Amino acid sequence: MTTDQIVVGLAIFLLAGTVKGLVGLGLPAISIALMSLFLPLSEAVALIALPTIITNVWQASVGGHFWHIVRRQWPLMLPLTVVLYLTVWQIGQKGPGWAFVVLGTVLIVYSTLGLLRIRLTIHADLEKPLAPVIGVVSGFVAGLVGVPIIPLMPYLQGLDIKPVELVQTLGVVLCATSLTLTASLLFFGVLDGPRAIVSAAAVVPAIGGMWLGQQIRSRLSVEQFRLAVFWALLLTGLYTVATRLL
């Protein structure tokens, strides 16, 4: 990475952290979406490793339902982490060229669901049989593009979980995901020394951005900001797909 790329990357983490502080989501998705415009996807995925661990560990530890969530979600998390590891092992340092198309598609689907306010409702009887399937697909997507938001996020949001517990559930599942992703990247040499240093440095603007977002939340229309984030992700996804297919 050049100095200019590092500076731009750290600025992106500041922006993504601010968005997370304002609306509670989007740090890995925004970081990868923007960095993939000027970096190889494997490098963008490597750089989000440490910032996502720090933020997800914090989110997973707050709420008082940690072990209850682990007992309920292990049929989802176990296949997710195993498939994520195997996917990183298979794609190696560079990954396939069509991974960018997958990333763009994930961003398009995720942002469209957010803009249209579509929320699935998953019956309790379907949770156990669906959990391993969602885990396998989400693990593959996470190993390929670094973010498991599709189909993981719509699935978890569609379960019968209280809002406060849902926030911690997302933290627990994404914590397992980010820890597995980071361990896999380290083991297979994708997160090497220079990238690890930049990823560690990115923790500072990411946390600083979260603090900044929380401070200005009361001064802005969070709903309008949330819509702007989804529109930005949608346009980025469309651009990513278009530039790879046309």
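What share of the contacts in the protein with a separation of 6 or more comes from residues 24 or more positions apart? Such residues account for 84% of those contacts, where contact means heavy atoms within 4.5 Å.

**Before selecting anything**

This is a predicted model, in which local features need pLDDT of at least 70 and side-chain atom pairs count only at pLDDT 80 or more, while totals for chains, interfaces and linings use all residues. Residues are numbered from 1 along each chain as its sequence is written, and side-chain values use heavy atoms, with hydrogens and water left out.

**The whole chain**

Along its principal axes the trace spans about 50 × 45 × 35 Å. Colour next by secondary structure: the protein has eleven helices and zero strands. These elements are DSSP runs numbered from the N terminus, with helices being H or I of at least four residues and strands E of at least two. Colouring by accessibility shows that buried residues make up 50% of the 246 residues. Buried means under 20% relative accessible area, exposed means over 50%, and partly exposed lies in between, with a 1.4 Å probe and protein chains only.

**Helix 8 and its partner, helix 5**

Select residues 149-158, which form helix 8. Helix 8 is mostly covered, with eight of its ten residues buried: Ile-149, Ile-150, Leu-152, Met-153, Pro-154, Tyr-155, Leu-156 and Gly-158. The buried residues of helix 8 pack against helix 2 (27-35), helix 5, helix 6, helix 7 (124-145) and helix 9.

Axes are lines fitted to C-alpha atoms, for helices over the stretch in contact, and angles run from 0 to 180 degrees between N-to-C directions; under 35 degrees counts as roughly parallel, over 145 as roughly antiparallel, 65 to 115 as roughly perpendicular and the rest as oblique. Show the side chains of Gln-73, Leu-76 and Leu-80 in helix 5 and of Leu-152, Tyr-155 and Leu-156 in helix 8, which make the contact. By class, this contact of helix 5 with helix 8 has five nonpolar, one polar and no charged residues. Ala, Val, Leu, Ile, Met, Phe, Trp, Tyr, Cys and Pro count as nonpolar, Asp, Glu, Lys and Arg as charged, and the others, Gly among them, as polar.

**Helix 4 against helix 10**

Which residues of helix 4 meet helix 10? Select Ala-49, Leu-50, Pro-51, Ile-54, Thr-55 and Trp-58 in helix 4; their partners in helix 10 include Ala-196, Ala-200, Val-203 and Met-210. Helix 4 (residues 49-61) and helix 10 pack at about 45° with their axes 6 Å apart, and the two are therefore oblique to each other. The residues of this contact divide into twelve nonpolar, two polar and no charged.

Stay on helix 10 (residues 193-216), where Ala-200 is found. Ala-200 is partly exposed, at a relative accessible area of 37%. Move to Val-198, also found in helix 10, which is buried at 13%. Leaving aside neighbours within four places in sequence, Val-198 is in contact with Ile-6, Leu-10 and Leu-47. Val-198 and Ala-46 are 152 residues apart in sequence and 9.4 Å apart in space, C-alpha to C-alpha.

**Gln-168**

Not counting residues up to four places away in sequence, Gln-168 touches residues including Gln-59, Gly-63, His-65, Phe-66 and Ile-69.

**Aromatic pairs**

Finish with the rings of Phe, Tyr and Trp (its six-membered ring), which pair if their centres lie within 6.5 Å; planes under 30 degrees apart count as stacked, over 60 as edge-to-face and the rest as tilted. The count comes to two aromatic pairs. Phe-66 and Trp-67 are edge-to-face, 4.9 Å centre to centre with 85° between the planes. Phe-66 is partly exposed at 33%, whereas Trp-67 is exposed at 60%. Tyr-110 and Phe-230 are also edge-to-face, at 5.7 Å and 75°. Tyr-110 lies in helix 6 (residues 99-116) and Phe-230 in helix 11 (residues 222-245), so this pair ties together parts that are 120 residues apart in sequence. Tyr-110 is buried at 9%, and Phe-230 is buried at 4%.
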